[in-house]
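Keep the structure open while you read.

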Amino acid sequence: MHELGITRNIVSIVSEQAKKKRVKKITLDIGKLSAILPDSIRFCFDICSKGTTLENAELKINEIQGIAKCKNCDNEFEIEQLFGRCVCGSNDIKCIAGEEMKIKEMEII
Amino acid sequence: MCVTCGCSDGAKAVLTNLETGLVSEMIDDQGHSHSHGHDHNHDHDHNHSHNHDHDVSHTHASLHGTTVSLEADILEKNNRLAERNRGWFEGRNILALNLVSSPGSGKTTLLEKTITDLKQELLINVIEGDQETINDAKRIRATGCKVVQINTGTGCHLEADMLARGLKDLNPPLDSVVMIENVGNLVCPALFDLGEKCKVAILSVTEGEDKPLKYPHMFRSAEVMILNKIDLLPYLSFDLEECIKAAKTVNPKIKIFQVSATSGEGLTQWYDWLKEQLSSKKSIGKTA
């Protein structure tokens, strides 16, 4: 349940950026391999945003597909876990997408 | 503490210095706004007439709002503080290792043994992280080294700002080793950089051999895996080969040491690696 702490951080960063303006919508990029569950974030968001300028804001989460690049042959392929094997046989891969934990943008009024 | 897992507002991390016996609460000084409701009233008396007609534009804005691109990393604050710690270590030529594992893997026993065996060769000091009690710090203190205990309360991992506070109290000397014993947990500590040289994951053979596959974040972020309690192998159905395969699947470059902190078996390789790390650090320091 580290999502509660993570969500608090999201609320804290956004309200700091929004100054005192009301936030209508925020958009997050959360990688599918980031060890964060979007549903937990949604659940925590209602609790964490209460009494802040983010209260009742719409929460949009873009789930980013995991993509790996093979360090042996530079081939790029989709992964569902943080590890995998390239068609060339090597398992020395680098995850180039899917580990995002980012606040992409906010809409303020 | 803002980024900790599931901790309540009242939860404060507590730092205990075993040298001085001083206990202090760690104040969250990162400047997060915890929605304290600071409603300053900026009313002023003089009478401007604020009558310009901005109805049209305001209505427009409230319908559509203004989209502001943030591209902010959610853990950016912790990462920034971790980099500061990293610089602090480098400036003092200190090798900092972040020891991570599930509870009960034998981290503290391994540390006790390591400190005692290497007493003549390496100066090791310790930062202990646990939710509660100073039991581990007392055990480490008994080996004669300096130790600071951080109790995270309900938080389930150490964060960079906690470590920075702990380091101030520990005040480790130049050219030494700082072992950071993280809270026993294979999930969150993987996400929080503390500024260490690398993570060392400890797995005991009384756990499942597929743990690296179950907790890939942790074993991917670690440079070293210490497989502890190998003296118990004859009594267990633990598949050693399978475990090593699992670790290498998740992290092909991971270094694996098979040890028993109680019998002492296999510890030499771990010690050699430690000494090597510090001497390579020293030579970097000299050429710089």
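**Rings and strands in chain B**

Q: Which residue has its charged end over the ring of Trp88(B)?
A: This is a predicted model. A charged end sits over the ring of Trp88(B), 3.8 Å from the ring centre. That end belongs to Arg92(B).

Q: Is Trp88(B) buried, partly exposed or exposed?
A: The relative accessible area of Trp88(B) is 24%. Buried would need under 20%, and exposed over 50%. Trp88(B) is therefore partly exposed.

Q: How many aromatic pairs does a search of the whole structure find?
A: The search runs over all chains. The number of aromatic pairs is 4.

Q: Are the rings of Trp88(B) and Phe89(B) stacked or edge-to-face?
A: A pair of aromatic rings is described by the distance of the centres and the angle of the planes. For Trp88(B) and Phe89(B), the centres are 5.8 Å apart and the planes stand at 85 degrees. An angle over 60 degrees counts as edge-to-face. So the pair is edge-to-face.

Q: Is Phe89(B) buried or exposed?
A: Phe89(B) has a relative accessible area of 2%. The cut-off for buried is under 20%. Phe89(B) is therefore buried.

Q: What kind of aromatic pair do Trp270(B) and Trp273(B) form?
A: Their centres are 5.9 Å apart.

Q: Which helix holds both Trp270(B) and Trp273(B)?
A: The two residues are 3 residues apart, about one turn of the helix. The helix covers residues 267-287 of chain B. It is α9.

Q: Are Trp270(B) and Trp273(B) buried or exposed?
A: Trp270(B) has 1% relative accessibility. Trp273(B) has a relative accessible area of 3%. Under 20% counts as buried. So Trp270(B) is buried, and Trp273(B) is also buried.

Q: Which residue do ring pairs link with Trp270(B) and Trp273(B) into a cluster?
A: Ring pairs link these two tryptophans with a phenylalanine.

Q: How many residues of strand β1 of chain B are buried?
A: The strand spans residues 13-17 and is mostly covered. Of its 5 residues, the buried ones number 4.

Q: Which residue in the turn between β1(B) and β2(B) has a positive phi?
A: The two strands run antiparallel, joined by 4 bridges. They form a hairpin with 5 residues between them. The phi in question is about 80 degrees, and the residue is Gly21(B).

Q: What is the bridge partner of Thr16(B) in β6(B)?
A: Strand β6 covers residues 147-151 of chain B. It runs antiparallel to β1(B), with 4 bridges joining them. The partner of Thr16(B) is Gln149(B).

How values were computed:
Residues numbered from 1 in each chain as written. Chains lettered and ligands numbered in written order. Predicted model: local features only at pLDDT ≥ 70, side-chain atom pairs only at ≥ 80, totals over all residues. Heavy atoms only, no water. Phe/Tyr/Trp six-rings, centres within 6.5 Å; stacked < 30°, edge-to-face > 60°. Buried < 20%, exposed > 50% of the residue type's maximum accessible area, 1.4 Å probe, protein only. Lys NZ or Arg CZ within 6 Å of the ring centre and 35° of its normal. Pairing = 2+ DSSP bridges.
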